[in-house]
Amino acid sequence: MGVDATLDLSVVVPVYNEIGNVEPLVERVRKALDPTALKWELLAVDDGSTDGTGQRLDELADQDERIEVLHFVANCGQSAGLDAGFQHARGRLVALLDADLQTYPEDLPRLIETLESEGVDAVVGIRAERRDTGWKKFSSRFANGVRNRLTREDIEDTGCPIKVFRAEAIRQVKMLTGMHRFLPTLLRMEGFSVLQAPVRHAERVAGKSK
């Protein structure tokens, strides 16, 4: 799909077995974005969920025309889900959120303001105070370190799931399997500018980590 000149923002959310989170997610996105002047859509990509998540998303979409649901018939992985969302996004800006609500939809307006004021192509989050287990925090730091050494980059938290991009930038990235872990570096390799900004982080309330 192409960019719709009347639509400011597409929020892409890959979803897999998050039945307990999708309704709070939609409500918090509304509360975060409705007070702004942004015209937005929410693209939920159901990655073959088996717990009723897809059906619940369809019900929520029936109640709000700004919500669209893409369904995979089988679990295809996060990179495939993001690629589908990015290609269907119609906004001039594209935001990425996880469905687990460990990052805050309420941080999106600030990231968008930073992107616009600084004139960059992407703003990616850094989880300032991570609310994860010690092992998960260690493995994330280790993975970030390895990725940065391999790519000669300085991305502090490439796995942080809240990001904002200009549509023309994110559509240049080739989303092969596993490439969602390298989005900031892949954007820079395509010649786009990337800024990092601290965001909030919360413990998971519902569902299980994938």
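**Close-up views of a predicted model**

View 1. Setting aside neighbours within four places in sequence, Leu97 is in contact (heavy atoms within 4.5 Å) with Val11, Val12, Val13, Pro14, Leu25, Val29, Thr103, Pro105, Leu108, Pro161 and Ile162. This is a predicted model, in which local features need pLDDT of at least 70 and side-chain atom pairs count only at pLDDT 80 or more, while totals for chains, interfaces and linings use all residues. Residues are numbered from 1 along each chain as its sequence is written, and side-chain values use heavy atoms, leaving out hydrogens and water.

**View 2. The nonpolar cores.** A nonpolar core here is a set of buried Ala, Val, Leu, Ile, Met, Phe, Trp, Tyr and Cys residues joined through side-chain atoms within 4.5 Å; buried means under 20% relative accessible area, exposed over 50%, and partly exposed in between (1.4 Å probe, protein chains only). The largest core has 34 residues, and Leu97 is among those with the most contacts inside it, together with Leu9, Val11, Val13, Leu33 and Leu108. Helix 1 gives the most to this core, with five residues. A second, separate core of 20 residues includes Leu82, Phe86, Val94 and Val194.

View 3. Helices (H or I, at least four residues) and strands (E, at least two) are DSSP runs numbered from the N terminus. Look for Leu108, Leu111, Ile112 and Leu115, the buried residues of helix 4. Down the helix axis they fall within an arc of 100° (taken from the directions from the axis to the C-beta atoms), so they line one face of helix 4. The face turned away from this buried side carries the exposed residues Glu113, Ser117 and Glu118. Just after helix 4, Gly119 takes a positive phi of about 70°.

View 4. Seven strands form an open sheet in the order 3-2-1-4-6-5-7, with mixed pairing; two strands pair if DSSP finds at least two bridges between them. Strand 3 and strand 7 are the edge strands, each pairing on one side only. Strand 2 and strand 3 run parallel over six bridges, and Leu42 has Ile67 of strand 3 as its bridge partner.

**View 5. Asp8 ahead of strand 1.** Asp8 sits in the segment before strand 1 and counts as buried because its relative accessibility is 16%. A polar atom of the Asp8 side chain lies 2.8 Å from the backbone nitrogen of Lys39. Beyond neighbours within four places in sequence, Asp8 is in contact with Ala37, Leu38, Lys39, Gly91, Arg92 and Leu93.

Methods:
A polar contact is a pair of N or O atoms within 3.5 Å; within protein, one must be able to donate a hydrogen and the other to accept it, and residues adjacent in sequence count only if both atoms are side-chain atoms.
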